[in-house]
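Work through the exercises below with the sequence and the coordinates open. Each task is followed by a worked solution.

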Amino acid sequence: MGTHATEWPSCFYYWGKARPVSDDGAAYHLLPFHSLDVAAVGWHLLAPERPLARLLGRRLSLPPALLRPLLVFFLGLHDLGKFARAFQGLVPMPSLVAPLTSCQYTERHDRLGALLWSEVGIRWLRDGTLGFPAQSFNGDQRAALGNSLGVLTSVVFGHHGKPVARDGLRIQSFFGADQHTDDVEAAGAFVAEWSALMDVQWPVEQLTSPQWSTSLRGLSWTLAGWAVLSDWLGSNQTYFEYDDQPAPLQDYWPAALEKAEKALQGTGFGHALEPRPYGGLAAWFGGVPVTPTPLQKAVEEVELSAGPQLFILEDVTGAGKTEAACILAQRLLHAGAAEGLYFALPTMATSNAMYARLGSLHRHFYTGEGKPSFVLAHGARELNEDFVRSLVGDQPDDRNYGADEASASAQCNYWLADSRKKALLADVAVGTIDQALMGVLPFRHQSLRLYGLAHKLLIVDEVHAYDVYTRSLLAALLAHHARQGGSAILLTATLPLAQRQALVNAWRQALNTDPALLEEMAFPLLTRTGGDPVVLEQPVAARPESRRSVAVDWLQDEEQAVASVLDAVSRGLSVAWVRNTVDDAIRAYQVLRERHPEPDRCVLFHSRFAMADRQRIESRVLSALGKHSEPEGRRGQVLIATQVFQESLDCDVDVMISDLAPVDLLIQRAGRLQRHSRGERPPPRLWVLAPPWDERPRASWLRDALPGTSFVYPNVAISWLTQKVLRERGGIHLPDDARTLLEGVYGVPEDALPEGLRDAHLQQEGEDQGRISMARYNLLDLAAGYVGDDQPWLDDHQEIGTRLSDEPTVNVVLLKKDARGGMELWSQGERHAAMLSQLRLRESQARKLPELAGADLAAWEELQGRYKALKYTRPWLPEPDAAVRYDPALGCVLD
C-alpha cells in the first residue's frame, strides 16, 4: 500500500509523546515518529556484528540480514494501541483527532495494541497490509504461523515489562463503533507504510514450522528485553526531540536512525568492545611476575569447547578462585563466548568487596580503546563509596590505572546506574545473585535482566551458600542461560557431590544432552560440561599455602563458652563467638560485657541493626580485627556475631567459638580463625558449643540444648552427623578432608541415621521437597515463552522471594525525636539518611511495632514525600520500655 503522509486520514496524526507547554497548548511528538524512534534503536541493537544478532541468527536459523527487518518491523508496532480514540482523549487535540465520549481510557495502551491485533491482524495478513505473500497453508502450518506471530506481537506489546492479552475487551469500547473507524484505518495505513519501508522478506518456511515456533518461544524473553530497552532509549527526549510536522515515514526513518545511534553512544550501548587475549597474570599486575596457583594454572590450560559451557571450580578459601574465574572469563570473552560478565554473590557485603576487587581487573579484559561500563547491582549500592565515585568522579581517557583506584575511573554512566533493572545491562556488573534470579521470576521488567544476561558470562560465587529453594531457582537460571547460548562459571569451597551433579545435569538437560554420572571425589576439582557427551572432572593440586588444620573441641553449655572467651581475653587474645540466632547473640554479649575487664572491647554484630549502626560496627570490627589491624587493637577484643560475620567481614581472630551448625558452615567459620599471618599464636582451634555427644540421640537432642539452633537448622540429623564426622576426624583438615567431611554429612543414606532422628529427617526432607515445589511454582514457565498474562506480576519492592524464609520480611525505617519534639530519621543529616535509617525485620516482628498517630503520622508522611527511599517501608519510633526496643549497641531487641 505505502501511501504518503498527505494521503493518510487526518486522525492519523496522533501524538505519541506529549507534554503541556502552556495552559492552552502542548508540544507533541507524532505517534508514527515515536514508533520509528524506538524501531531505530532496535535496528542498531540488532546490527549483524552484535552478539544478540548472532545468537538469534543461530538459534532461529535465519541470517541476521533477514531476521533484523522482521523483528524491527514488529517493534515498530509496539505502540499500536495508542491509535485508540480512548488513548487520544487523554490529551485532547482537536487539530489532530477529536475525542469520542464513548471511548474511555480504562485499559493500558499495550493491552489495546494486543486487542487491535487480535481483531484485525488476520485481515492485514490477508489483504496485503503486512506485505505477507499470499499462499495456502495446511492446518499445522496455519497453527504454527499463528503461534509465531502471536509470540512476536506479544514481545512488542509487552514492552512495559510483562506480557499482555486482550481477554474480555471489545474493540468498539476503545477504537470506535466498528472495525472501519478512522482509528483502525489510520493504524492500518501506518502498518502498510511501515511494512513497505522495512521491506520484510517474510520467512514463510520458518514462520509456519512448529519447531521454529518453539525455538522462538524460548528466545522470546530475550526479545522482550530488547523491546523494553529499545522503548526506554527511544523515549529519551535528550536524543529524540518532539516533532509535530507530518512527513512520510521514508523521510523520517534516516533521521531516526541517526538519533538512535547518538542515543546508543550517549548511554553506553554504542561502543564496541574488543576483548584482549589472556597473556598471563603478570599482564594484570604491571608486568610483575606472578606464579599462578594450581587452580589458576588449570584454567589457563583447560580446553574451551564450542557452544555453551559450564565450569565449576572447587577449592578452599584463599586458593585464588576469583582470579581463576577472571582468567577463564578473559579467555571466554576473547573466544567469543560472551560479550561481558555478571559476577553474582550471596550478599550485598560480598558484592561490595568484589566490586572493589574487580575495579582493578576488569579493564584488562578489553583493549584500551574500549571503555566497559562497570556497575554495582544491589539494593544499597548508593552507600558504596567506590560505586558513588564511579558515577561522580572524573572519567579520564588515560590508561594508567592504579590497583588502589578501584572503580573510580570506570566508564559507568548514570543511565545504567538508574535502577537495578538496568544494571545487568552494563558490560561488567557485580551484584547479588538475587538480581539475576529475578530474571526467572514474575517481576515486572524481568525480561530486561534476561536480555542483559543473554550475551554475558555468568559467574556465581559461593554456590554452597544457597539453600535448596535458591538452588532450585539457580538451576532454572542456568538452564535458561544455556538455552540462550551463554556460559557460566560457578565458584565454591564446599559443594556436596549431589549438588554438583544436579547443577551439571540441569545444564545438560537444557542443551538436550543426556545426564552424566559424576564420580570424581578429588578436591580441589575443576568440572566442565557443555553439550558434548563427556564431562571433564579434573583433579587439581592444592596450593601449599592453603593447607591448614584446625583442631575441634567441644563445649556443652553457654557458661563454658563464656569461660572460654574470658580465658582468651586474659591471655590477650582476640576471640569471636558465632551464634546462630540474634537473640542468643544479644544475650551472650550482655553477659560478656558485664564480665569483660574492658567492656568497650566487646562488640555485637548481627542483622537487626539500622544500616548506619551496622556500617559503624563493621568499620570498628575491621579496624580492630581486619587484615591490617595492629596488636594493641586486637588485644582482648571480643566479637559476638551471627552468620553475617562469616558472610561479610574479611577479618580474623586468635580464638573461635561457634554454636553447632552444618559442617559446611563450620568450615566457613573456621576460615576466619587465624586467617592472616600475625607471628606466633597458639595452634588454631575451633570450639563448638553443642549438645553432649549421644550415639542414640532422641528427636529433641538438639532442641533441648540449643533451641535457637534447632529453629535455624531444623534438620537435626545434619547437626548430629556434623558432630559425628568432626569427632571422628578430630578437626578440619583442608583440603585433604574436604570430601570426607561433606559426604560424611550430606551423603549419608537414611537407613544409616540413628532411629531417633529418622522421623525428623524425613520431615525435613519433605519440607525441602516443598521448598523445591515452591520454587517451581514461583518460576516463570520460560519454555512457554513471553505470552499471556495469567500469572500475577510483581514490582521489585514486592516480595516473591529469591530466598525462602518462614515468613516475609519488612523494611523498617527507624525514627527519632528532634530537639524540638518533631520527628526525623535516625541518621538525619547524613548522606543517604533514608537508607541508613532502615533495618529489616520479619513480618511477625514488625507487627509488634507501635503505630504512629496524630502529629507523628503527619510528620512521617512528610518524610515519605521528601525521601524516595521511604516508599514501601514501615515507620518505627522506638520507645525505651516497649516490648520491642532499639539500642545502637544492641540493635533491635525483642523481649
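The model is predicted.

**Exercise 1.** Classify Arg 111 as buried or exposed, then find its salt-bridge partner.

Solution. Step 1: the relative accessible area of Arg 111 is 18%. Buried means under 20%, so Arg 111 is buried. Step 2: the partner is Glu 107, with the closest N and O atoms 3.0 Å apart. Step 3: Glu 107 has 23% relative accessibility and therefore counts as partly exposed.

**Exercise 2.** Describe the salt bridge between Asp 613 and Arg 616 and the placement of its two residues.

Solution. Step 1: the N to O distance is 3.4 Å. Step 2: both residues lie in helix H24 (residues 611–625); because they are three residues apart, about one helical turn separates them. Step 3: Asp 613 is buried at 7% relative accessibility, whereas Arg 616 is partly exposed at 40%.

**Exercise 3.** Determine which parts of the chain the salt bridge between Asp 654 and Arg 681 ties together.

Solution. Step 1: the side chains meet at 2.7 Å, N to O. Step 2: Asp 654 sits in the loop between helix H26 (644–648) and strand E15 (655–659), and Arg 681 in the loop between helix H27 (663–670) and strand E16 (685–689), so the pair ties together parts 27 residues apart in sequence. Step 3: Asp 654 is buried at 7% relative accessibility, and Arg 681 is buried at 18%.

**Exercise 4.** Characterise the lining of the second largest pocket.

Solution. Step 1: 50 residues line this pocket, whose volume is about 1,000 Å³. Step 2: by class, the lining has 24 nonpolar, 17 polar and nine charged residues. Step 3: helix H2 gives the most, with five residues.

Conventions: Residues numbered from 1 in each chain as written. Predicted model: local features only at pLDDT ≥ 70, side-chain atom pairs only at ≥ 80, totals over all residues. Heavy atoms only, no water. 1 Å grid on protein atoms, 1.4 Å probe; cavity = no way out; pocket = protein on both sides within 12 Å on 5 of 7 lines; lining within 4 Å. Points joined across faces, edges and corners; volume = space filled by probe spheres on them. Helix = DSSP H or I, 4+ residues; strand = E, 2+ residues; numbered from the N terminus. Nonpolar A, V, L, I, M, F, W, Y, C, P; charged D, E, K, R; others polar. Salt bridge = Lys/Arg side-chain N within 4 Å of Asp/Glu carboxyl O. Buried < 20%, exposed > 50% of the residue type's maximum accessible area, 1.4 Å probe, protein only.
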